Structure formats: structure tokens, C-alpha cells
Amino acid sequence: MKSKKEYTIQFIGLKLGVHDYTFEVGKTFFADRTYSIIEDGTLTVSLKLEKKETMLLAEFTVDGIVSTQCDRCNDPLELPVNGTYNIIYKFGLEDTDDETLIVLHPDAYEIDLSDQIYEFIVVSLPTRLMHKSGGCNEEMVELISQFMSPNQQTDDSYDDDDDEDWEDDDDQEDWEDDDEPDDDAPIDPRWSVLKHLN
């Protein structure tokens, strides 16, 4: 995959100290990622990488614009992206749950930054991907609303009925009583035969 090579750094030959890198992120970067919520973009990623004896300290700065789809009207949407993120690459064999720490095998000689760069771009986006007020395709919003309304009403009525059934103690007791065996009720002949097997 082309993007993998573009965003890979071989640190084995680097001297101790700080090294600066710049990466350009465009449409190909996102096209290589199945199920990406971002379709296109023009971004610059700056990396300040400090090499130490037992670790690498990385500071990523992401800046640019991405193209995606509006969650409200489903029309194309451009959003600014910017942020600074820090990652520690440590050599070892242990597992870690720390999102800011990545453990590299002691024999590793390079790091692929593409996954980290993609994650930083995604987390820089707002929770809801939407046009600013008045920017949505209102015709599409209306069509979506008409499509969703019948289903929403059905779901609401179903939930209300469920709540009423369980809130009414008398109904709940009746329901529980229905499950209890009635000693006076006639026994199904098939069950009667099975009782004698004991």
C-alpha cells in the first residue's frame, strides 16, 4: 500500500535528539482505508520526533480540511481539522492499555505512522458532522424526516406500552399468576403419561 511507505520512518539510523518531519495527507490516504468516514482531505501533518535510548517521543500537529458527509442532510461537508497529539513509542514486550503509549518490539527498526495520523484526524472532528445553521439541504432533511417519522412513532408507542405494562402492579401480578400452575385445571393426557414415568 503506497500510503504505508509514505508514512513510515526508519528510526534505526537516527541520531539521538529531535528530528522534524512533514507529511501531506490527501485523497489517496483515505481511499486506502475501508469504511473511512472521510472521503477526501487536504492536510499537513507535522511531526517532531525525539529519539532517546529506550523510547521515541512523538508530537504530531494536524492541520487542514477534510471532506465527509453531513449527518443531518447527507450532503457533502467540509470541516476544518487541527490539533496536537503526543505519542510515546517504547521498546519492550509488555502489553499496554495506555492510548498514548505504543510498545515496539526490541528488534523493530521502523514505525508506520499512518494509523496514528488517521486516528488523530478522526478525533479532531466534532461528534456530530453537520453543516452550520442554515447550511443543510432542507429538501433532503424534509425527505429524511418524512421517512423517519412513521418508524419513530411506532417505536415510541411500543416503548410506552412496555412501560405501562410494567408500571401497573396489578397487571404484573396477573401476568405472574398466569405462569403459576393451577392445581384444579385439567391435566393434558400427554403430560399425565409422563408423570407416571417417575
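The model contains an open sheet of 5 strands with mixed pairing, in the order S2-S3-S4-S5-S6, where strands (E, at least two residues) and helices (H or I, at least four residues) are DSSP runs numbered from the N terminus, and two strands count as paired if DSSP finds at least two bridges between them. At the edges lie strand S2 (17–25) and strand S6 (101–104), each of which pairs on one side only. From one strand to the next the twist averages 20°, with axes taken as lines fitted to C-alpha atoms and angles running from 0 to 180 degrees between N-to-C directions.

This is a predicted model, in which local features need pLDDT of at least 70 and side-chain atom pairs count only at pLDDT 80 or more, while totals for chains, interfaces and linings use all residues. Residues are numbered from 1 along each chain as its sequence is written, and side-chain values use heavy atoms, with hydrogens and water left out.

**Strand pairing and hairpins**

- Strands of a sheet pair through backbone hydrogen bonds, in either a parallel or an antiparallel sense.
- Strand S3 (residues 40–51) pairs with strand S4 (residues 55–69) in the antiparallel sense over 12 bridges, and a hairpin of 3 residues joins S3 to S4.
- Within this pairing, Asp40 stands opposite Ser67 in S4, and Thr44 has Asp63 in S4 as its bridge partner.
- S4 also pairs with S5 in the antiparallel sense, over 15 bridges, and Thr61 has Thr84 in S5 as its bridge partner.
- The hairpin formed by S4 and S5 has 6 residues between the two strands, and Asn74 in the turn has a positive phi of about 70°.

**Salt bridges**

- The count comes to 4 salt bridges, under the rule that a side-chain nitrogen of Lys or Arg lies within 4 Å of a carboxyl oxygen of Asp or Glu; three of these pairs are described below.
- Asp115 and Arg33 meet through their side chains in a salt bridge at 3.2 Å, N to O. Asp115 lies in helix H3 (residues 114–123) and Arg33 in the loop between helix H2 (27–31) and S3, so this pair ties together parts that are 82 residues apart in sequence.
- Arg33 counts as buried, at 19% relative accessibility, whereas Asp115 is partly exposed with a relative accessible area of 35%; buried means under 20%, exposed over 50% and partly exposed in between, using a 1.4 Å probe and protein chains only.
- Glu138 and Arg72 form a salt bridge at 3.7 Å, N to O. Because Glu138 lies in helix H4 and Arg72 in the loop between S4 and strand S5 (76–91), the pair ties together parts that are 66 residues apart in sequence.
- Both members of that pair are partly exposed, Glu138 with a relative accessible area of 43% and Arg72 with one of 34%.
- Glu50 and Lys52 meet in a salt bridge at 3.3 Å, N to O; Glu50 is partly exposed with a relative accessible area of 27%, and Lys52 is partly exposed at 34%.

**Nonpolar surface patch**

- Met140, Leu143, Ile144, Phe147 and Met148 form a nonpolar patch on the surface, together having about 450 Å² of accessible area, as given by the Shrake-Rupley method with a 1.4 Å probe, where for residues only the protein chains shown count as cover.
- Patches are made of residues with over 30% relative accessible area and no salt bridge, joining like charges within 9 Å and nonpolar side chains (Val, Leu, Ile, Met, Phe, Trp, Tyr) within 5 Å.
- Leu143, one of the patch residues, is placed in helix H4 (residues 138–167) and counts as partly exposed at 46% relative accessibility.
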